[in-house]
Amino acid sequence: MDHNQARQWLATAVEEAKAGLAEGGIPIGAALYGADGTLLGRGHNLRVQDGDPSMHAETSAFRNAGRQRSYKGTTMVTTLSPCWYCSGLVRQFGISRVIVGESETFHGGHDWLAEHGVEIIKLDDPECVRMMKDFIAAKPELWNEDIGE
Ligand SMILES: [Zn+2]
């Protein structure tokens with residue numbers, strides 16, 4: 001996949017992350033794109049806003065996309081390497097590709113996904129890294145709660 005396209009899609013996830021931060025939440029955003037490039041759904045982590053620890057950015061985008069006949073050819077774009085739970089979602093539904101904004105502040109399940117045939121595009125985006133680093137420095141308790149530590 002073309003990295004310029006991947007970066008454009010990442011911008012949607014970054015917008016979501018910023019919206020989450022503005023709401024007092026955890027700045028992780030995601031979006032699900034269809035095989036034809038249509039935006040199917042977008043969302044951000046809602047742990048704080050909804051008091052729901054299961055509403056991760058990827059889960060939120062996935063749910064906002066509603067039911068799809070097939071996830072073949074779809075792309076999940078996320079600002080941060082997906083945790084085990086969201087990596088499981090990717091495999092469960094057969095999402096073909098994951099675009100990872102960054103995996104420096106958190107190394108999730110993207111290697112495992114790659115081993116199982118999911119195309120992984122890592123962008124090492126400095127804005128995504130900065131957003132997470134600033135957040136972790138400001139609210140370490142909230143971050144540790146989010147990653148289950
Ligand atoms: Zn997750």
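Q: Why is Cys 86 counted as buried?
A: The model is a predicted one. Cys 86 has 1% relative accessibility, and buried means under 20%; Cys 86 therefore counts as buried.

Q: What makes His 56 count as buried or exposed?
A: The relative accessibility of His 56 is 10%. The cut-off for buried is under 20%, so His 56 counts as buried.

Q: What makes His 56, Cys 83 and Cys 86 donors of the zinc ion?
A: A donor is an N, O or S atom within 2.8 Å of the metal. Here ND1 of His 56 and the SG atoms of Cys 83 and Cys 86 lie 2.1 to 2.3 Å from the zinc ion, so these atoms meet the definition. Water is not among the atoms, so the site may look incomplete.

Q: Which spacing do the donors of the zinc ion follow along the chain?
A: The spacing is H-x26-C-x2-C. His 56, in the loop between α2 and α3, and Cys 86, in helix α4, are 30 residues apart and link distant parts of the chain.

Q: How do you know which class of residue lines the largest pocket?
A: Sixteen residues line the largest pocket, with ten nonpolar, four polar and two charged. Cys 83, Phe 106 and Ile 147 are among those nearest its centre; Cys, Phe and Ile count as nonpolar by definition. Asp 146 also lies nearest the centre, and Asp counts as charged.

Q: Which helix supplies the largest share of the lining of the largest pocket?
A: Helix α4 does, with three residues.

Definitions and conventions:
Residues numbered from 1 in each chain as written. Predicted model: local features only at pLDDT ≥ 70, side-chain atom pairs only at ≥ 80, totals over all residues. Heavy atoms only, no water. 1 Å grid on protein atoms, 1.4 Å probe; cavity = no way out; pocket = protein on both sides within 12 Å on 5 of 7 lines; lining within 4 Å. Helix = DSSP H or I, 4+ residues; strand = E, 2+ residues; numbered from the N terminus. Donors = N, O, S within 2.8 Å, 3.2 Å for Na, K, Ca; no water. Buried < 20%, exposed > 50% of the residue type's maximum accessible area, 1.4 Å probe, protein only.
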